[in-house]
Amino acid sequence: MGLKALISGKAIKVYINAKYLKGIGKMSSIDIDSVQKVIRCSFDLEGEKEPIDAEIAYSLDRTGTKGITLNIEHIKASRLWIEELFNNFVPKSKRIIPLLEPLATVVNATHVL
């Protein structure tokens, strides 16, 4: 992983942990493949004995009025029920993550996503 990917990955991990996982666990690792548009990550969640691994296929939208948004296309997970629940029941409108400042600046500067 290059320096740009390392910096962006760390920033994304901090953002996700603070905004979405506070009180239920944390994202413990992240690897971004900007060529294949895939994020590979692991989560340590409360109540789980082992980490949950996920592969997230994404696209970016840099043209919207909300700045940069990360659009989750689908996920593969080490827990089939999480994969099925997300892919089959989370509507597309809820799979959009706005990358707020300062994260948007990091993503723009590094072009890692």
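Q: Arg-79 first: buried or exposed?
A: Arg-79 is buried, at a relative accessible area of 17%. Buried means under 20% relative accessible area, exposed over 50% and partly exposed in between, with a 1.4 Å probe and protein chains only.

Q: Before we go on, what kind of model is this?
A: It is a predicted model: local features need pLDDT of at least 70, side-chain atom pairs count only at pLDDT 80 or more, and totals for chains, interfaces and linings use all residues. Residues are numbered from 1 along each chain as its sequence is written, and side-chain values use heavy atoms, with hydrogens and water left out.

Q: Back to Arg-79. Which residue forms a salt bridge with Arg-79?
A: Glu-48 does, with the closest N and O atoms 3.0 Å apart. Glu-48 sits in the loop between β2 and β3, and Arg-79 in the loop between β4 and α2, so the pair ties together parts that are 31 residues apart in sequence. A salt bridge here is a side-chain nitrogen of Lys or Arg within 4 Å of a carboxyl oxygen of Asp or Glu.

Q: And Glu-48, how accessible is that one?
A: Glu-48 counts as partly exposed, at 30% relative accessibility.

Q: How many salt bridges in the whole structure?
A: A search finds 2. One joins Glu-55 to Arg-40, with the closest N and O atoms 3.3 Å apart. That pair links distant parts of the chain: Glu-55 is in strand β3 and Arg-40 in strand β2, 15 residues apart. Glu-55 is partly exposed at 29% relative accessibility, and Arg-40 is partly exposed at 31%.

Q: What does the side chain of Ser-78 make a polar contact with?
A: The side chain of Arg-79, at 3.2 Å. A polar contact is a pair of N or O atoms within 3.5 Å; within protein, one must be able to donate a hydrogen and the other to accept it, and residues adjacent in sequence count only if both atoms are side-chain atoms.

Q: Where does Ser-78 lie?
A: In the loop between β4 (69–77) and α2 (80–89). Ser-78 is partly exposed, with a relative accessible area of 39%. Beyond its neighbours within four places in sequence, Ser-78 is in contact with Pro-51, Ile-52 and Asp-53. Contact means heavy atoms within 4.5 Å.

Q: Zoom out. How many helices and strands?
A: The chain has 3 helices and 5 strands. From the N terminus the elements run α-β-β-β-β-α-β-α. Helices (H or I, at least four residues) and strands (E, at least two) are DSSP runs, numbered from the N terminus.

Q: What order do the strands take in the sheet?
A: The 5 strands form an open sheet, β1-β2-β3-β4-β5, with antiparallel pairing. The edge strands are β1 (25–33) and β5 (96–98), each pairing on one side only. The twist averages 35 degrees from one strand to the next. Two strands pair if DSSP finds at least two bridges between them.

Q: How many bridges join β3 to β4?
A: There are 8, and the strands run antiparallel. Ala-57 has His-74 in β4 as its bridge partner. β4 and β5 pair over 3 bridges, also in the antiparallel sense. Thr-69 stands opposite Pro-98 in β5.

Q: And β1 with β2?
A: β1 pairs with β2 (residues 38–45) over 8 bridges, antiparallel. Met-27 has Phe-43 as its bridge partner in β2, and Ile-30 has Cys-41.

Q: Where does α2 pack?
A: On the sheet, touching β3 (52–61) and β4; its direction makes about 140 degrees with that of β4. Axes are lines fitted to C-alpha atoms, for helices over the stretch in contact, and angles run from 0 to 180 degrees between N-to-C directions.

Q: What about the turn between β1 and β2?
A: The two strands form a hairpin with 4 residues between them. Lys-37 has a positive phi of about 60 degrees although it is not a glycine. Most residues other than glycine have a negative phi. Lys-37 is partly exposed, with a relative accessible area of 31%.
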